[in-house]
Every structure is written in C-alpha cells, then in structure tokens.
Amino acid sequence: MADTRRRVKLYALNEDRQWDDRGTGHVSSSYVERLKGMSLLVRAESDGSLLLESKIQPDTAYQKQQETLIVWSEADNVDLALSFQEKAGCDEIWEKICQVQGKDPSCDITQDIVEESEEEKFEDMPDAAPPIELPPCELSKLDEISEVFNSVLPSPIRREKLANAIEYEGYIKKIVELFHMCEDLENYEGLHQLYEIYKSIFLLNKNALFEVMFSDEFIFDTVGILEYDPSKPEKASHRDYLRNSASFKEVIPISNEELRQKIHQTYRVQYIQDVVLPTPSVFEENMLSTLSSFIFFNKIEIVSMIQDDEKFLTELFAQLTDEATDDNRRRELVNFLKEFCTFSQTLQPQAKESFFKTLSNLGILPALEVILSMDDPEVRQACTDIIMYIVEYSPSMVREFIMQEANQQDDDILLVNLIIEQMICDPDPELGNALQLSGVLRILIDPENMMATANAWASVPFPQKTEKTEFLSFFYKNCMHVLTAPLLANTTEDKPSKDDYVTAQLLSLILELLAFCVEHHTYHIRNYIFNKDLLRRILVLMKSSHGHLALSALRFVRKIISLKEEFYNRYIIKGNLLKPIVDAFLTNGQRYNLLNSATLELFEFIRVEDIKSLVAYVVETFYEQLKDVDYVNTFKGLKLSVPSILRNHRYRRDARSLDEEEEIWFEQDEEEMEDGEAVVPVTDMLKNKMDEELDHISKIIDGKRARESENKPPSPLKNPTRSPSPPPPSRKFNSSPPAASTSPPASPEVKTNNGGITGLVDYPDEDSDEDEDDDRSSSIPAKRPRLAT
C-alpha cells in the first residue's frame with residue numbers, strides 16, 4: 001500500500017487566477033540525471049504516469065502554507081502547488097527543499113536571488129542582509145513608511161524580511177488605528193498614502209498577513225482603506241455594500257459558528273479580489289497568488305464542514321422536496337445548493353466522490369426533477385448548473401437513476417425527458433440554457449464514458465457493456481421521439497413549417513445531437529433513421545432561409561456519408577436524397593459562401609474516398625446539372641471514375657429484388673431489437689439466393705469472354721445491347737419479370753481477393769453499438785450477408 005504521507009494533489013494556477021487540478025499522486029524527491037539535480041517527482045496513483053518533474057532550483061521561492069501546502073513558481077510565471085494529505089509528508093518534502101537550498105526548515109518561505117548588481121546581491125544574501133526597521137506608525141511618517149514598503153518589492157528576500165517585521169511588530173493594527181485617525185480628520189492625502197501602503201502589503205504575498213487582514217477584527221478596515229484609491233475621483237462605498245446590501249441569507253440555520261465565520265470571510269475576501277483591488281498587472285498578478293490560494297482552500301474547508309453536518313443537509317433536501325415549500329423559499333434553497341456544488345469543484349477526487357455520493361444518498365436527483373419543472377427561470381438555470389456538475393462528474397450515477405425510475409414512472413416525467421423538454425422550451429432567443437442542457441444530454445448518451453466508467457453507484461454491480469446496451473436501448477425507445485419531435489413536426493411538407501430564428505437555432509441544436517448519435521450509435525440510430533425516414537425529413541431544412549440551419553442539415557448528411565456504410569448509401573440512392581443538396585447548391589448560384597464550399601467538399605469526399613455506389617448515382621442523376629461547375633475538378637473527376645466502376649465492380653440486380661431484400665433486413669432488424677441480439681444470422685433463403693446468382697454470373701462471364709474473343713467489347717456508356725446469355729435461374733425473391741432499367745447496364749466482372757469471390761456479397765460489420773468496438777472473431781461469417789447492387 002502506498003505511503004499516505006506522500007499522497008498529494010497537484011495544482012496549477014491558470015490565467016483566471018484559479019487553481020486547476022492536475023491530478024492525484026505520490027511525491028518523492030530524488031536526483032534526476034537529466035536535470036542534473038535533486039527534483040520533485042509526482043507520479044499519478046492511477047497509472048503511475050509522471051505528473052510533475054521539477055528540479056529544486058537554488059534560487060526558486062518555495063512557500064509553505066497552512067501546514068499541508070507547498071507553493072512555488074516555475075519558469076514563465078507558472079505557479080504550482082502541492083496539497084498533502086498529511087502534515088508529516090509536507091514537513092518531509094519541505095525539509096528536502098530546504099536542505100537543497102541551504103535554508104532552515106522552520107522558515108515558511110525560501111526566496112530566489114534575482115539578478116542584481118554586486119552590491120544588491122550582497123545586501124540580499126540571507127545572512128548578510130540586515131533586518132528591516134519599520135518607521136514609527138505616525139501620521140507624520142506616512143511618506144517614509146510608503147517609501148520603505150515600495151523599495152522592498154523588487155527583492156524577494158527583502159519582501160520576506162518586511163513581512164516578518166510587520167507580523168512581529170503587529171504593524172497592521174497600528175496602520176488601522178492610523179486609518180481611523182485620518183478618516184476622523186478627513187485627511188484625504190493621508191488616506192491615499194495608506195491605500196498605497198496597504199496595497200504593498202498585499203503584494204508581499206504573505207499568508208500570515210492575510211490571516212490578520214481578513215480576520216473579523218480587521219476585514220472591514222481592510223476594505224475601508226482600499227476605498228481611498230487615489231486614481232479614482234471619488235471614494236468607493238464597499239463597506240456600505242458589504243454591511244447593508246450584501247445580506248447573508250441563512251437558508252438553513254447553521255449551528256457551527258466556525259462555518260458561518262468562514263463563509264462570511266470567504267465572500268468578503270472574494271469581493272476584495274474581484275471588486276475592490278484594481279486589476280493587477282502581470283507582475284502583480286504573480287505576486288497575488290497567495291490571495292487566490294487563501295480563497296481556494298477556504299472553499300474546501302466550507303464544503304467539508306457542510307458535508308460533515310448531516311442534520312444540515314437532511315433538512316435542506318427535506319425542504320427542497322416538500323410540496324408545502326413556497327417558490328421563494330425553494331429558490332433560495334436551490335441557489336444555496338448551486339453555490340455548494342460550485343465550491344465542491346475545488347475538492348480532490350477522493351473528496352469529490354464522497355461529496356457526490358452524499359448528495360445521491362440524500363436524493364438530489366429526485367429533488368432536481370421537482371425543481372426543473374418550476375416556471376422560475378432563475379431556478380431552472382441554477383438547476384441546470386447543478387445537473388451539469390453531477391453529470392460531468394458521474395454520468396453513470398445519473399443513468400442508473402434514470403433506468404430505475406423508468407420502471408416506476410411515465411415517460412413524460414423521466415429526468416432525461418424533462419431535460420430534453422427544458423432544452424426545447426428554452427425562452428432565451430439565443431438558447432443559452434438549451435445549449436448547456438444539450439451538453440448534459442451529449443455526456444449521458446456518450447458510449448465512451450459508459451465504457452470507461454464503472455457503475456460504482458449501482459447496488460448490484462453489472463458489466464460495463466450492459467450499461468451501454470441497456471441505456472441506449474432505453475433512450476431510443478423512451479426518449480428519442482421527444483428529442484426529434486420539433487424536427488418531425490416542422491418538416492411535414494416540402495419546406496419548413498416554421499422558419500423563425502428561434503426555431504432554426506433549436507433545430508440546429510437537435511441536428512448536432514443527432515450527428516453525434518450517427519457517429520457513436522451506429523446500430524441504434526441507423527434503425528431509427530430508416531424507420532422514421534429521418535434523413536428525408538432533415539433535408540427539408542435545406543430550404544430554410546437561415547443559412548446556419550441548412551448547413552446543419554448538410555453536416556448531418558456529411559456525417560452519414562463519412563461512415564461509408566453501404567446501407568446508408570443504398571438508402572440515399574433509393575430515396576434520391578442528394579437532390580435537395582444539389583438543388584440548394586444550384587440555387588446558391590455563383591455565390592462563394594459556406595454552403596458552396598461545404599457542398600463541394602461533400603462531393604469531393606465521395607470522389608476521393610471512391611464510394612462507388614454514390615459516385616455512379618451522382619454521375620447518372622446529377623451530372624447534366626453539375627457539368628458546368630468547372631472551377632473545381634470534382635464533377636469532372638466523378639465522371640471519369642464511372643467507366644472503371646462499371647467495368648470492375650457492379651452487377652445490377654432487379655430493383656424489386658433489392659426492395660425485397662431490404663424489407664427482409666428491416667424485419668430482421670425489428671426482431672433483433674426486440675430480442676436484444678446484435679448479429680443477424682444468414683438465412684437459408686439468402687444462401688440459396690447467393691448460389692443462384694453466382695451460377696448466373698459464371699454464365700455471364702463465359703459470354704463476356706466469347707465477346708472479347710470476337711474483339712467486340714460493348715461500350716459501357718452508350719447503352720449497349722446485352723450479348724445473349726443463358727437466362728438466369730428462377731428467382732425465389734421475385735417471380736415477376738425484371739423491371740426495365742433507365743441506367744446503362746454494367747459489364748459484370750467478379751473481382752477476387754485471396755482466392756475468394758468478392759463484389760457480389762460483402763459482410764459489413766453490422767453489430768450492435770456495444771460490439772462495434774470489439775475485435776472481430778472467427779464467428780463473423782455467421783453475420784447477415786449482403787448482395788451488392
């Protein structure tokens with residue numbers, strides 16, 4: 001078992017002055033040959049990967065804070081922090097750092113020596129630099145005090161000595177007393193000098209000084225001093241706001257006095273950082289890292305203390321779900337819960353897991369169902385934020401809840417359907433809340449996190465694949481119709497029924513989700529598209545007056561074609577589903593815009609990827625309309641590739657035979673969905689059909705060879721009369737005569753691959769979504785064969 005003393009969380013300060021979690025691991029100090037020195041190494045506890053490799057530089061400033069934190073700055077102003085699980089581990093690593101730098105481990109900071117003149121270097125040597133003597137804290141000495149404070153800021157060693165002197169002499173209390181005197185005398189010049197002095201204290205970046213400045217005794221005086229910014233024409237009123245306007249609402253009585261004080265302190269310090277202090281320069285921002293750390297770790301303490309108070313949380317959720325709770329009261333409870341979840345983002349993974357399990361056990365998801373149905377937009381937005389926090393951390397927990405409630409409630413009140421309905425009914429014209437909810441849906445239906453996340457929330461563990469299979473089947477049966485309802489309702493005719501801006505925005509959002517499904521749910525979404533003829537309905541949106549909606553529909557088609565699945569290709573060809581795209585392209589004319597470029601890219605993809613069935617379809621159906629588009633070589637290239645396709649690939653079958661085969665396939669798909677099977681077996685009827693067609697092709701090949709011996713090859717592009725050949729055997733699928741084809745017949749040819757016949761029958765990987773990523777086994781030939789058209 002790993003030593004818990006060395007267990008740490010690695011943090012890095014981002015551009016927004018927030019600490020980003022870089023992972024949990026175990027820290028060690030050892031000599032690294034590549035770095036030529038003793039280094040701090042952090043290896044992830046999950047997989048042993050290296051999270052940090054940092055050489056302990058002799059001139060790097062390390063700070064020890066709150067007994068379990070070590071903070072320092074790397075090159076390029078990168079601030080890092082190690083948060084230790086145990087104090088003993090922090091002390092141990094701190095001693096190693098001090099040993100390398102030759103410092104006393106009892107100090108709280110080791111300072112780097114900046115490049116200065118020889119005289120300044122001598123002054124900044126820890127043993128040689130004299131202690132700083134503070135001037136008497138008197139009104140007449142303000143100029144001298146300000147000069148001393150400003151002069152030490154460029155030197156880290158002198159900053160440290162000044163901070164120690166301020167702490168040792170209780171200088172902050174003296175400055176506050178002087179502030180009261182200046183305010184009583186309305187001495188604005190003195191108040192402006194005190195502002196500069198206090199700002200310099202902030203830039204000392206000393207945690208011990210912050211503890212004094214932000215204590216209950218001095219917090220309002222700190223805010224008061226910072227009101228007198230000499231660069232502002234008038235004094236600010238921050239104290240008045242904090243005392244009178246920013247009232248603290250105790251939605252549930254807090255019995256823990258320490259918790260109440262910590263909440264007050266954190267709010268006020270956050271206000272000082274965000275509002276009171278001026279926007280820091282790049283230099284000053286790096287020197288205020290300890291202030292960000294102070295707020296960050298305060299939030300962790302608040303979450304931990306609330307989580308440990310079982311009575312508090314139990315009462316919170318009881319009132320949330322109580323029908324007798326009025327709307328105003330429920331709004332306050334929801335906003336508190338949102339803030340609570342926001343603070344939880346600062347927790348380490350182990351603590352965060354405990355946090356969300358606690359909320360789950362208290363019934364947060366049933367409570368959110370009640371809240372999400374409220375009419376108050378502020379409450380719904382807060383509820384959306386809470387759902388996002390939960391889903392981002394553990395989508396499996398939410399999926400398990402949804403599956404369990406499906407057995408007890410109607411579809412209309414399922415949590416996932418409530419999320420979809422709120423997305424559809426978002427009153428915001430820009431659909432801000434709907435966009436956030438679509439992100440929630442995307443996470444819930446993403447098979448990747450189903451596979452990667454073990455179902456730790458289930459009372460009875462089950463294989464991870466089962467979560468994927470069961471949830472996707474459930475979603476397509478109970479929820480997909482809710483998601484697609486606005487789209488289907490708006491595409492009943494040959495153009496959109498409603499074409500206003502909000503509807504266009506919503507349909508674009510739905511199409512993005514459907515495109516995600518096409519990419520990740522190949523089996524379920526394919527059957528849904530075929531059964532609902534969904535692609536035809538989506539292509540109605542190509543006639544929208546909103547360009548972004550037409551592009552969304554085009555992107556959806558592009559996503560389908562990129563899969564290069566022959567079933568989709570045949571579906572497109574049979575329904576002539578590229579016609580709306582070609583029509584929109586021609587209507588767009590010579591305008592060089594996104595629609596023009598996206599359409600050309602679609603056809604270029606078909607050409608480059610050599611999707612033979614679509615190439616032949618495009619040339620035969622649309623070439624006459626597109627042949628004048630000569631500023632790209634796309635359509636000329638498509639035309640040139642048709643002869644080789646006709647010579648080398650295709651044997652055309654009766655269209656009605658194709659219809660029958662597809663009908664059989666759809667029937668088998670429906671049975672498959674009901675039985676939960678993922679592989680369709682080869683039927684005897686199809687086997688017999690294959691044998692008959694193979695015999696027929698052999699006879700055709702013999703006829704072709706006879707023609708070739710007479711040097712009379714038929715032209716594939718000029719509707720040649722087929723050479724006489726023996727009639728084909730009777731077809732079991734279609735007893736009626738073959739239908740006349742309007743397209744030129746292809747010269748059949750059978751290509752071989754490893755000695756086997758190809759081009760007539762191919763075996764696509766038609767698995768369920770669960771099996772599509774698995775390795776194919778030797779049993780694959782048991783899948784349904786497919787006759788090439």
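In this predicted model, the side chains of Lys206 and Glu160 meet in a salt bridge, with an N to O distance of 3.4 Å. The pair links distant parts of the chain. Lys206 sits in the loop between α6 (188-203) and α7 (207-213), whereas Glu160 belongs to helix α4 (residues 156-169). The two residues are 46 positions apart. Lys206 counts as buried because its relative accessible area, 7%, falls under 20%. Glu160 is likewise buried, at 13%.

Two further bridges lie within single helices. In helix α1 (residues 87-101), Asp91 and Lys87 are four residues apart, about one turn of the helix. Their side chains meet in a salt bridge of 2.8 Å, N to O. Lys87 is partly exposed, with a relative accessible area of 39%.

Helix α29 (residues 579-588) holds the other pair, Asp583 and Lys579. Here the closest N and O atoms are 2.9 Å apart. The two residues are separated by about one helical turn, because they lie four residues apart in the helix. Asp583 is partly exposed, with a relative accessible area of 27%. Lys579 is also partly exposed, at 39%.

Salt bridges also occur as a network. Glu183, Glu227, Lys235 and Arg239 are linked in this way. The count for the model comes to 27 salt bridges. Side chains of opposite charge can pair when their charged atoms come close.

Strand β5 (residues 62-65) and strand β6 (residues 69-74) run antiparallel and are joined by four bridges. Lys64 has Ile70 of β6 as its bridge partner. The two strands, β5 and β6, form a hairpin with three residues between them. Within the turn, Gln66 has a positive phi of about 50°.

Strand β6 also pairs with strand β7 (residues 78-84). This pairing is antiparallel too and extends over six bridges.

Definitions and conventions
Residues are numbered from 1 along each chain as its sequence is written. This is a predicted model: local features need pLDDT of at least 70, side-chain atom pairs count only at pLDDT 80 or more; totals for chains, interfaces and linings use all residues. Side-chain values use heavy atoms; hydrogens and water are left out. A salt bridge is a side-chain nitrogen of Lys or Arg within 4 Å of a carboxyl oxygen of Asp or Glu. Buried means under 20% relative accessible area, exposed over 50%, partly exposed in between (1.4 Å probe, protein chains only). Two strands pair if DSSP finds at least two bridges between them.
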